[in-house]
Amino acid sequence: MHGLVLFLAIPFLLLSTSHSAIATKPLKGFAIDLIHHDSPLSPFYNSSMTPSELIRRAAQRSISRANHFNMALEENKAETVIIPDEGDSLMEISIGTPPVETLAVADTGSDLIWVPCLPCGQCNTQNAFDPKKSSTFSVLPCDSKPCTSLQNHACQNNSKDCRYLYAYGDQSYTIGNLATESINLGSTQGQNANFPKSVFGCGHNNQFTTTDNPTGIVGLGGGPLSLVSQLGDQIGHKFTYCLLPFTSNSTSKLKFGSEATISGNGVVSTPLYSKNPPAFYYLNLEGITIGQKTVQTGQSGGNIVIDSGTTLTYLETSFYNSVAEGVKEAIGAEAVQNPPSPFNLCFQYDSASTKVPDIAFHFTGANLKFQPGNLFTLQDEFLCFLVFPSDRFSIFGNVAQIDFQVEYDLEGKKVSFAPADCTKY
């Protein structure tokens, strides 16, 4: 079986920062490569960790991330949500003129692009962006539309400069100026993907509780300041990814515009629902089939967030308990009393006798059948379920999305899936 994991792959190519590629007409489409947080190509890679240890580490990140999601929903925040953790998926961008490369989290759960800026507190000054060295940097005024779209903004020192602040329950925060700058994305097809006057957060005071923070976030969420919202018509309001396990030697791709449309046999689509916070993408999960048993949610209108940055899948507790009972019945074994941390449901594994059940998720209009590695991981002699209970809300995580093309059509308000060999995507 697959064993594990996550969001994937290889650094992309840095392109020219010429502004000539940006125009009012749509781009033909472009694709970029992603680096999984735990892949050998990541600056956070730890060669001493086993695959089992890596999935446990990613699961711990996932638990932390889910807690921040829950907090955002509890507070009913309608403004940008930044999830202050390392993230599973990293991408390189270039910012400024002349361009400066930086590594950032590509995150469908956030809708702000931000990087640490000089002068800065609690940051690696060697990796921070220096706005004084860029000829295209400009701080936005307080009365600008991007600034007023943020709930937590203020005028800096009685000036007209827009100042943002985001704080979190774990004492993490980022404070800085909302500004415009030339941002360049790498393209695997060689198309210049440079975007002048992109709105981003220039973070001068960033404090995070995690130890190996990347140098920023590229928000791919649904809010007004996300990368996909800012590109809008230029990419046809579409993007797609196809995820590989981090152990793969092939690249994973994030595609925009015409490159993002998936078609052919096996494509299924489910509606996107608009709810608060707007950064999150909501789907509706009607039920789950485990072997021959189907458990219904009895809900409609959007009850689960699809997220590229959360490793695990989470289900509302009462529904999870019914699903877990179905898993136990299908496997035909008692769950172990003390599963390895942080897992919640594990079984003694015997390759000759343990049968991993077929599982399908039934989204409104779209049935997804999974491979064992999408929902289970081997932890030494244990088979562990990569689905966890949640007291607040449900998340469709990135391991479950491995080897699916996943297309977000924001204008058509739908998400489409197609099973795929993502090494060929």
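I began with E407, which is buried at a relative accessible area of 4% (buried means under 20%, exposed over 50%, partly exposed in between, with a 1.4 Å probe and protein chains only). The model is predicted, so I kept to pLDDT of at least 70 for local features and 80 or more for side-chain atom pairs, while totals for chains, interfaces and linings use all residues. Residues are numbered from 1 along each chain as its sequence is written, and side-chain values use heavy atoms, without hydrogens and water.

Next I looked up the partner of E407: K238 forms a salt bridge with E407, the closest N and O atoms lying 3.9 Å apart (a side-chain nitrogen of Lys or Arg within 4 Å of a carboxyl oxygen of Asp or Glu). This pair links distant parts of the chain, K238 in strand β12 and E407 in strand β27, 169 residues apart (strands are DSSP runs of E, at least two residues, and helices runs of H or I, at least four, numbered from the N terminus).

I then followed the two strands: β12 (238-242) and β27 (404-409) run antiparallel and are joined by five bridges, where pairing requires that DSSP finds at least two bridges. I noted F239 opposite Y408 in β27. Both strands belong to an open, antiparallel sheet of six, ordered β1-β13-β12-β27-β28-β14. β1 (30-33) and β14 (268-271) stand at the edges with a single partner strand each, so one side of each has no neighbour in the sheet.

Finally I turned to helix α4, where E325 and K328 meet in a salt bridge at 3.3 Å, N to O; being three residues apart, they are separated by about one helical turn. E325 is partly exposed at 39%, as is K328 at 27%.
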